[in-house]
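Here is a quick tour for someone meeting this structure for the first time. Have a look around, then read on.

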Amino acid sequence: MSTNTLSAPELKAYHEDGYVVRPGVFSHTAMTALADAVEESVLRARAEVPHGHTYYLDGKRFVDTTSCTVQFEHTADSDEIRVIEPIHHLHAAINALVDDPKITEPMCAIVGQPRLALWTAKLNLKRAEAGSGFGWHQDSPYWMHNCNHVDLLPNVMIAIDEQTPDNGCFEVIRGSHRHGILPGTVDGSRLGGFFTDPKTFDLTQRQPLTGPAGSLFFFSPHSVHGSQPNHSNRARRALIFTYQPADKPMLKINAVRNVAS
Ligand SMILES: O=C(O)CCC(=O)C(=O)O
């Protein structure tokens, strides 16, 4: 019998609320080592940036390198990296974490499959006093054009640092996943359509998900979610891995990354 899989009440909560939290799954020591791996991977991505293709969407700087997309913080001319996707290939420790049973066994329960593949893996950095927030959105509208099993793409956020309201912890709208893909905003911008129309979800159901470093936050691809800027003097770094049934190719990569079983 697996020790990591979700209990029946946890699985029920995931299906009813669109998320479930497991606090402190990984030790503080493990997260300190992971933070070092993350910072090495940031240096590797940064080294690729000068050779990449730079473009701007609504004034926000993105660079497609040969191996990932790097998104920069939004303030003018910022050189601070905000997001790297995909990230797992940039460090062996992050790649190994994709296969960790503490993550994959709960994911198998959520996907309802014995074997999984990775869909995508990203690093959201939220540096101290510099990390910007994420507007309310669902992930499914980003992915629906690249995939015909968008309902089977659950996410897990791995808290590298403690997650608190003042450092911009992840927030979710409880129950919002039940309505499938919701309409986006219409404001004439390039990215506006990816933010969820605020008339279509209930802001009173907003849940900040807090927890110590090493916590796991599982959430549905249809859950409306976002977060506030990091106003604290502490980093709020997190990895987000998204899984799918086995033998299917990754997002925008013509390769399958099956999970070791
Ligand atoms: O890192 C966060 O707080 C939110 C991340 C998010 O919404 C996303 O990456 O889709």
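## The largest pocket

Let's begin with the largest pocket, which is lined by 40 residues; Phe-62, Gln-71, Glu-85, Lys-122 and Tyr-142 lie nearest its centre. Its volume comes to about 1,000 Å³. The elements that each give two or more residues to the lining are S2, strand S3 (60–64), S4, S5, S6, strand S7 (134–137), helix H5 (140–143) and strand S12 (225–227). Helices (H or I, at least four residues) and strands (E, at least two) are DSSP runs, numbered from the N terminus.

A pocket here is an open set of points on a 1 Å grid over the protein atoms alone, where a 1.4 Å probe fits, with protein on both sides within 12 Å along at least five of seven lines; lining residues have an atom within 4 Å of a point. Its volume is the space filled by probe spheres set on the points, which are joined across faces, edges and corners.

Keep in mind that this is a predicted model: local features need pLDDT of at least 70, side-chain atom pairs count only at pLDDT 80 or more, and totals for chains, interfaces and linings use all residues. Residues are numbered from 1 along each chain as its sequence is written, and side-chain values use heavy atoms, with hydrogens and water left out.

Gln-71 sits in strand S4. Is Gln-71 buried or exposed? It counts as buried, because its relative accessibility is 15%, and buried means under 20% relative accessible area, exposed over 50% and partly exposed in between (1.4 Å probe, protein chains only).

Leaving out residues up to four places away in sequence, Gln-71 touches Arg-61, Phe-62, Ile-81, Arg-82 and Val-83; contact means heavy atoms within 4.5 Å. With Arg-82 there is also a side-chain to side-chain polar contact of 2.7 Å. Such a contact is a pair of N or O atoms within 3.5 Å; within protein, one must be able to donate a hydrogen and the other to accept it, and residues adjacent in sequence count only if both atoms are side-chain atoms.

## The sheet

Now for the open sheet: it has 9 strands in the order S1-S11-S8-S13-S6-S5-S4-S3-S2, with antiparallel pairing. Two strands pair if DSSP finds at least two bridges between them. At the edges are strand S1 (19–22) and strand S2 (53–57), each pairing on one side only. From one strand to the next, the twist averages 20 degrees.

S4 and S5 run antiparallel and are joined by 4 bridges, with Phe-72 opposite Ile-81 in S5. S5 also pairs with S6 in the antiparallel sense, over 2 bridges, and there Val-83 faces Asn-124 in S6. Since 4 of the 5 residues of S5 are buried, S5 is largely enclosed by the rest of the structure.

Over at S1, the antiparallel partner is strand S11 (residues 216–219), with 4 bridges. Val-20 stands opposite Phe-218 in S11.

Arg-206 belongs to strand S10 (residues 206–208). Its relative accessibility is 32%, so Arg-206 counts as partly exposed.

Arg-206 touches Trp-136, Glu-171, Val-172, Ile-173 and Gln-228, not counting residues up to four places away in sequence. Arg-206 and Val-172 are 34 residues apart in sequence, yet their C-alpha atoms are 5.7 Å apart in space. The side chains of Arg-206 and Glu-171 are joined by a polar contact of 2.5 Å.

Terms used
Axes fitted to C-alpha atoms, helices over the stretch in contact; angles between N-to-C directions.
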